[in-house]
Amino acid sequence: MSVQDIGEATGDAVGKEPDIYEDLRRVGALKRDKMDGEPADNSLSRIPGAPASRDTVGAWLRGDRLPQKPGPLLTVLAAIRAEAEARGLLRQRVDSGTDETVADLLEPARWRRKWDAEPRRPAETSQDDAAHTMAPEPLAREELPRARRAVWEWSPRRLGVHPAISGSVEVTEDAEFVLPWFILRAHDAELRARLGSAVAADAEPVLVVVQGGSCVGKTRSAFEAVRAVVPDDFALLLPADAANLLEVLDADALGPRTVLWLDEAQQYLDGPAGETVAAKLLRRLDAVGPLVVLATLWPDHHRRLSTAPSEGQSDPHPLARKLLAQAHRIHVPATFVSELEAVRQAARQDRSLAAALQASDDGLAQVLAAGPDLVSHYEHPVGVHGAYGKALISVAMDAYRLRVDGPLPLEFLETAAPDYLSDVERAAAGPDWFDGALTHARTLIKQTSSPLQPVPRRSGMGAQPGVVRLADYLQEHGRRTRKLLCPPASFFHAAARHLPEPSDLLHLALECRFRARYRHAAELYRAAADSHITEALTALAELREHAGDREGAERTAREAADAGSTNALMKLAQWRGAYGDRAEAERLYRAAAHAGSAEALMVLVRLREHAGDREEAELLAGQVAKAGNAHALAELAWMRDKTGDRASADRLYGAAVTAGGTDVFINLACRRVRAGDVREAERLYRAAADAGSTEALVLLARQLERHGPPSASWYEAERLYRAAITAGRTDALVDLAGLRENAGDRDEAERLYRAAIAAGRTDALVSLARLREKVGDRTETERLHRVATHDPRLLESLVFLRDMDGDAEGAEELARQLANDDNPNALEEMASRRLALKSTGAERLYRAAADAGSNVAVRALVKLHAEAGSHEVAERLALQTAVGTEMYVLADLAQFFEKVGDRERAARLHQEAVDRGWTDSLDDLARLGEDAGDRQEAERLRRASADAGHYLFVVPLPPTSYGLNADGSPAEPWTWPEPGLSHL
């Protein structure tokens, strides 16, 4: 039957070609019936540019579905055509029912035409977008395992990908969800490689964090990587919030072959449930794989969750920090600078990209998300209610830049708005001002995004009533443009009354402390305390003590202690000790120890030892051991060591190992190395090794090897390396090879290097190449170099080794090769070594690194020129470099000019840094003003520094202080808030 007969029989237009799905099925049949299944789906999936999933290729060739873009499909079809050509099949008919040849079927132009004609491409819209816009209904525990949906069923909209501008002048209200052509960047290859290894059948569970600022494409990169790499039989789980995630984990519904999707991961790891979530995720990551926990996170949130507190501060995120320490981090840059040519090529066929390029070729992702239009709508309001809408957006900006994370209640926006308006605007407001303001702030911009957006329900369909959230791009804009401003009083009063999340109240209270707005901080702490957050009471007590209200501080701390806070007991004990009441201090420490504080027990041990009561100290030390706190035991053992009581120390070290493993020894040993106590570090490493730590074997061997031959320690290092190798430590192969090479035993060194390479230690390639080069084997050297140059990390090592061997020219050649691939690190390091050795070439190398995009190199060049007296050149370089997060370059140069006495130039550069958003320079300007005798200007600048959040760090308070009012003026005496919110 001819094509025409088929068309007539089915009632279709005469001569109509099969659709793209039918043609795909025909290709699949061709490959199966005439080509013995070759190329195999698995082989096709591994071709560069293909989907990297065997199941995905199979689904295409069955005609079950289409990819989101034509490129991968055309790559697969080209490979099948090449195989057909090799088999001599191109001139044969596809089947007996048609005159069409295999060449006709596999012609690339045919598939491009069919792709363009296909009206239901998933890249443009998805059938389930409308049905799945919000989080799923909460499920009973027995239902949770059935909530898994296949990866390919999830739409980009459902997973949080931002829609893009359409690029069309005419946009209707029901415009489709638009995604632009996806441009691969360097981080995408890294992410896909990481996911590819994570979904292997024998892979262990992994956490992958895609990190970057607002609207840079984090979620889109994650989505595209999952679609490209993760097999179709994997499921994907999207928890609505932390509570929903805990339900999933408690129900053991996060099984193998699953992707857990945590977009904006701070929503799960911060707040009251965050530590519980982190603990259970850590437990799940230790279980059976393959499992991928795929998270996106802003750098600020990652820094807050992963940074250890300073000594003496509370630690709100210890488990989140431990979880994130295990993550494979993928950094998403803010720009497409390195991919602009690819963007321009794609823009010829993609209206969204074309429109974005017209606006900017830098912040492309932000432009695509209508960021500039959002900003314009905010900064240039029009209409009767425009000014009021702008006030609501400003309130939301201040809330999020001061670390509010949750949705914003409408009552909060309404109550906070008045102080953001002028007297004239407030007087002109009618009874409907808030409704009009809300309408303005909810305006849909470019049919893509609105400033204030609805918040999905925690479960079920629809939006949460009475709350909104600020668009991501405007959050970022607010952080940049309002960082010098302190919110007005109405903002803080409204927050204390209407923000429901205690964690948000605590964040705002801390930001008030940073700005010396103590009255508002106290109100916010009390509001959180009235929600039964004892942490807030302890913080309020610290604030009162800091401001000189000792009696009130102790009263509030006792209130917190009565509510169960051991931290409050510790604070009371510290204060009593500082005020000379040692008996009461010790009583309070005992109360804290009785409540379970290992720290309090440790303090009591020290107090008793200091008092000469060794018997009581031993009893307390026994309680520490019984409590099983590994770090406390290790610290106590260290105290015993210092007093010469080795027997007691060894007993306590043993208890520490039992309680917490050998890590405590290794950590202590590393600290002793840093302190210069090598002998004690070696003893601790030995203790850890004796307790079974193979890591300690290697670390101890490295420490002993430093003694050099022919010392006994050096030979002991070799023995330990061999023991570690026997225990399975492949890194010890490389270490031992280096040791044997240094001993002149090149044959054994080569054997060990090759064993390391065979065991997967590719870093040994560079060392082996260097060894073969020394013996004059140029052929093998070049072969190994060619292998190494495919891995930037190995190439970097090769640069270092050549440089250290005196081959400066060869090292620089390889370093420039790396720099051409946007990796100037090797050039930077070579330049630094030249500078340290006071040899020539440092400036030239720094310039090459700077040309490759290294701001570190530019910073070094600025310093070099400044110290050489080329001040104008240094200033010009600093001004060119100081953008984004690199504004410290200006501040550094300004401080240099201060040191050499050029205060005028220093002040000008500090002011330029402030104007560009570097608020730290306000403190330097204040100091310069004070030194010049301009106390009024110095005071103004210190107030500005306080507004920016630096007050606690720069300006010491008098013994008794009421802080500043919201407007920055000195506060008159006010009354500290006591239980209940009547003070508001």
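Accessible areas come from the Shrake-Rupley method with a 1.4 Å probe, and for residues only the protein chains shown count as cover. On this basis, the accessible surface of the chain comes to about 45900 Å². Carbon and sulfur atoms hold 49% of that surface. The model is predicted, so local features need pLDDT of at least 70 and side-chain atom pairs pLDDT 80 or more, while totals for chains, interfaces and linings use all residues. Residues are numbered from 1 along each chain as its sequence is written, and side-chain values use heavy atoms, with hydrogens and water left out.

The chain has 53 helices and 9 strands. These are DSSP runs, numbered from the N terminus (helices: H or I, at least four residues; strands: E, at least two). Of the 984 residues, 51% count as buried. Buried means under 20% relative accessible area, exposed over 50%, and partly exposed in between (1.4 Å probe, protein chains only). Among contacts with a separation of 6 or more, 62% join residues 24 or more positions apart. A contact means heavy atoms within 4.5 Å.

Two local sites follow. Glu411 lies in helix 20, which covers residues 410–416. Glu411 is partly exposed, because its relative accessible area is 44%. Pro456 sits in the loop between strand 8 (452–453) and strand 9 (467–470). Its relative accessibility is 36%, so Pro456 also counts as partly exposed. Pro456 and Val467 are 11 residues apart along the chain. Their C-alpha atoms are separated by 9.7 Å.
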